[in-house]
Amino acid sequence: MSNIQQAYNIWSEQYDTNENKTRDLESIALRNALKGNPFENCLEIGCGTGKNTLWLKSIAKQVLAIDLSENMLTKAKEKISDKHVKFIHADLS
């Protein structure tokens with residue numbers, strides 16, 4: 001397990017509640033950029049705890065959400081139980 005993976009596994013417990021302006025701005029930018037554009041399929045790389053996955057499933061018929069951290073994925077799966085969303089643990093490097 002890499003140091004990055006370990007760090008995100010630890011951070012997963014506080015990720016949704018910690019103030020994180022970069023993460024929050026990314027979410028706003030994503031919604032503005034994709035608003036009004038429905039998709040058949042969506043690949044979300046670095047889905048984390050599923051904060052954007054919740055929104056992406058509203059504009060895509062299928063979402064494939066990938067993350068390096070098993071703990072982040074666990075949090076995402078707790079939020080989202082939908083047959084049109086598939087979570088995969090993977091290291092994209």
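## Ground rules

Buried here means under 20% relative accessible area, exposed means over 50%, and partly exposed is in between (1.4 Å probe, protein chains only).

The model you are looking at is predicted, so local features need pLDDT of at least 70 and side-chain atom pairs count only at pLDDT 80 or more, while totals for chains, interfaces and linings use all residues. Residues are numbered from 1 along each chain as its sequence is written, and side-chain values use heavy atoms, leaving out hydrogens and water.

## A trio of rings

Let's start with the aromatic side chains. Searching the whole structure turns up two aromatic pairs. (Helices are DSSP runs of H or I with at least four residues, strands are runs of E with at least two, and both are numbered from the N terminus.)

Tryptophan 11 is partly exposed, at 27% relative accessible area. Its ring also pairs with tyrosine 15, with centres 4.7 Å apart and planes at 75°, so that pair is edge-to-face. Tyrosine 15 itself is buried, at 13%. Put together, ring pairs link Tyr8, Trp11 and Tyr15 into a cluster.

## An arginine over a ring

Which residue lies over the face of tyrosine 15? That's arginine 23, at 5.0 Å from the ring centre. (A charge sits over a ring if NZ of Lys or CZ of Arg is within 6 Å of the ring centre and within 35 degrees of the ring normal.)

Arginine 23 belongs to helix α2 and is buried, with a relative accessible area of 8%. Its side chain also joins that of aspartate 24 through a polar contact of 3.0 Å. (A polar contact is a pair of N or O atoms within 3.5 Å; within protein, one must be able to donate a hydrogen and the other to accept it, and residues adjacent in sequence count only if both atoms are side-chain atoms.)

## Glutamine 5 and its partners

Back in helix α1, you'll find glutamine 5, which is buried at 8% relative accessible area. Its side chain makes polar contacts with the side chains of glutamate 70, at 2.9 Å, and histidine 89, at 3.2 Å.

Glutamate 70 is in helix α4 (residues 70-79) and is partly exposed, at 31%. The C-alpha atoms of glutamate 70 and glutamine 6 are separated by 9.5 Å, although these residues are 64 apart along the chain.

## The largest pocket

The largest pocket holds about 470 Å³. (On a 1 Å grid over the protein atoms alone, a pocket is an open set of points where a 1.4 Å probe fits, with protein on both sides within 12 Å along at least five of seven lines; lining residues have an atom within 4 Å of a point.) Its lining has 25 residues, and Ile45, Gly46, Cys47, Gly48 and Asp67 lie nearest its centre.

Which element gives the largest share of the lining? It's α2, with five residues. By type, the lining divides into 11 nonpolar, seven polar and seven charged residues.

Key. Grid points are joined across faces, edges and corners, and a volume is the space filled by probe spheres set on the points. Ala, Val, Leu, Ile, Met, Phe, Trp, Tyr, Cys and Pro count as nonpolar, Asp, Glu, Lys and Arg as charged, and the others, Gly among them, as polar. Rings of Phe, Tyr and Trp (its six-membered ring) pair if their centres lie within 6.5 Å; planes under 30 degrees apart count as stacked, over 60 as edge-to-face and the rest as tilted.
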